[in-house]
Amino acid sequence: MDEAGRTVRIPQPVTRIVSLAPSVTETVYALGAQERLVGDTDFCDYPPDAQKKQKVGGALNPSLEEIAALHPDVVLAAKRLNRLETVLALQTLHIPAYATDPETVEQIISSTLRLADILGVPDAGDSVASDLRRRLDELQERLAKVTPSRVLFVVWDEPLISVGKDTFITDALRYAGATSVVESTQSWPQISLEEIVRLQPDFLVFTQNHASGGTVDVEALATRPGWRGLEAVRRHRYAVISEAVNRPAPRIVSAIEDLARQLHPEAFEAGQARPVAGGSAMESTKDCSCAL
C-alpha cells in the first residue's frame with residue numbers, strides 16, 4: 001500500500017528506479033540506493049550527482065516514452081507534485097508507481113523507512129531515521145526553554161504567498177522554535193501585506209532559492225511600499241535558510257537546525273552544555289490539486 005492508499009505490486013528485488021520528484025530523489029540518495037536510480041526529473045538537482053542521471057522531463061509532464069525505455073522496476077512519485085494521469089498511464093504500461101505523501105516531519109521520517117523497505121535497504125532506513133530523530137530530540141532539548149518566534153515564511157513575495165497551518169513546512173517551523181503567523185487551511189495561501197502588517201511577525205523567513213527567481217534581496221524590502229510597515233523589516237530580522245525546507249526529504253532536518261540557530265542563537269552559545277538525546281521527537285512549487 002503506497003502513501004496515497006493505492007495497492008502497488010512491486011517486483012523484488014528493485015534494481016532499477018525512476019524518480020518523479022526532487023524529494024524522492026534526495027531520499028534515494030540518503031538511503032545509498034543511488035546506483036539503482038536510472039532516471040529522474042529535470043528538477044532533481046540535489047545532490048549534484050542527481051543532475052547527471054537520465055532525465056525524463058518535468059514532474060507534471062514526464063515523458064512516458066523515456067520512462068518506459070529505462071525499464072524501471074518501480075517509479076517513485078509524490079502525491080502532491082505528480083499528476084494522477086501520469087500514474088494511471090504508467091499503470092497501463094504495467095510499470096508500478098509508488099507515491100509518497102508525508103505531511104509532517106515525523107511522516108517524512110516514516111516515509112523514508114517505508115521506501116527503504118521497498119528498495120531492500122532496511123538497515124539504511126533505520127540508520128537514517130535514527131540519526132534524524134536523534135538530531136531532532138537534541139534540538140528540542142536545546143529549545144525547551146525558549147519562547148517560539150512568530151514568523152512569516154515567505155514562499156513568494158509578489159504576490160505574497162506563505163504556507164498553511166497543516167503543511168510539513170509549518171511543522172518544520174515548529175521544530176525550529178517558530179510558529180507561523182498564518183493560520184490558513186490552504187497549503188499555499190496568498191495573503192495581503194496589510195494583514196501581515198497587522199500581525200507583525202518577529203521574523204521573516206526566506207529560502208536561498210526564493211520562488212520568484214533566486215534569493216530575494218531582503219535588504220531591499222525596506223525600500224518597498226507596505227513592507228516598511230513591518231517592524232521585522234525595519235529591524236532587519238530575517239532568516240535565510242536552505243531550500244531543503246521546501247522538500248519532504250531527510251535533508252529538511254538540516255534546514256530546521258539552521259533556522260533554529262538563526263532564530264535562537266542563545267540556545268547554541270558555546271558555554272551551553274550539549275543536551276542528552278532522550279524521549280521521542282515531536283510527532284505531529286505550488287500545490288498541485290491532483291491527488292493520486
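In what order do the strands of the open sheet of 4 strands run? Select them and you can read it off: S9-S6-S10-S11, with parallel pairing. Keep in mind while you click around that this is a predicted model.

**Stop 1: the open sheet**

Start at the edges, which are S9 and S11 (238-241), each pairing on one side only. Look across the strands next: neighbours in this sheet are turned by 35° against each other on average, ignoring direction. Now zoom in on S10 (residues 203-207) and S11, a parallel pair joined by 4 bridges. Pick Phe206 and you'll find Val240 of S11 standing opposite.

Bring in the helices. H6 (residues 168-175) packs on this sheet and touches S6 (149-153) and S9, its direction making about 150° with that of S9. Then show H9 (residues 252-263), which also packs on the sheet. H9 touches S6, S9, S10 and S11, and its direction makes about 160° with that of S11.

**Stop 2: Ser180**

Back to S9, which covers residues 178-180; select Ser180 there. Is Ser180 buried or exposed? Its relative accessibility is 11%, so it counts as buried, the cut-off being under 20%. Show what surrounds it: leaving out residues up to four places away in sequence, Ser180 touches Val151, Val163, Thr170 and Leu173.

**Stop 3: strand S4**

Jump to residues 74-78, strand S4. Here 5 of the 5 residues are buried, so the strand is largely enclosed by the rest of the structure. In a regular strand, side chains alternate between the two faces of the sheet. Colour S4 that way: Val74, Leu76 and Ala78 sit on one side, Val75 and Ala77 on the other, and both faces are covered.

Leu76 is a handy landmark for the pairing. Towards S1 (residues 17-19), S4 pairs in the parallel sense over 3 bridges, and Leu76 is the bridge partner of Ser19. S4 is also joined to S5 (residues 97-100) by 4 bridges, again running parallel, and there Leu76 stands opposite Tyr98. Trace the chain from S4 through H3 (residues 84-92) to S5 and you follow a right-handed β-α-β crossover.

**Last stop: confidence**

Colour by pLDDT. The protein's mean is 90, and 89% of its residues reach 70 or more. Select residues 210-214, where pLDDT stays under 50, and then 275-292, where it is below 50 too. Where pLDDT is low, the predicted coordinates should not be read in detail.

Methods:
Residues numbered from 1 in each chain as written. Predicted model: local features only at pLDDT ≥ 70, side-chain atom pairs only at ≥ 80, totals over all residues. Heavy atoms only, no water. Helix = DSSP H or I, 4+ residues; strand = E, 2+ residues; numbered from the N terminus. Buried < 20%, exposed > 50% of the residue type's maximum accessible area, 1.4 Å probe, protein only. Contact = heavy atoms within 4.5 Å. Pairing = 2+ DSSP bridges. Right-handed = clockwise from strand over helix to strand, strands pointing away. pLDDT = per-residue confidence, 0-100. Axes fitted to C-alpha atoms, helices over the stretch in contact; angles between N-to-C directions.
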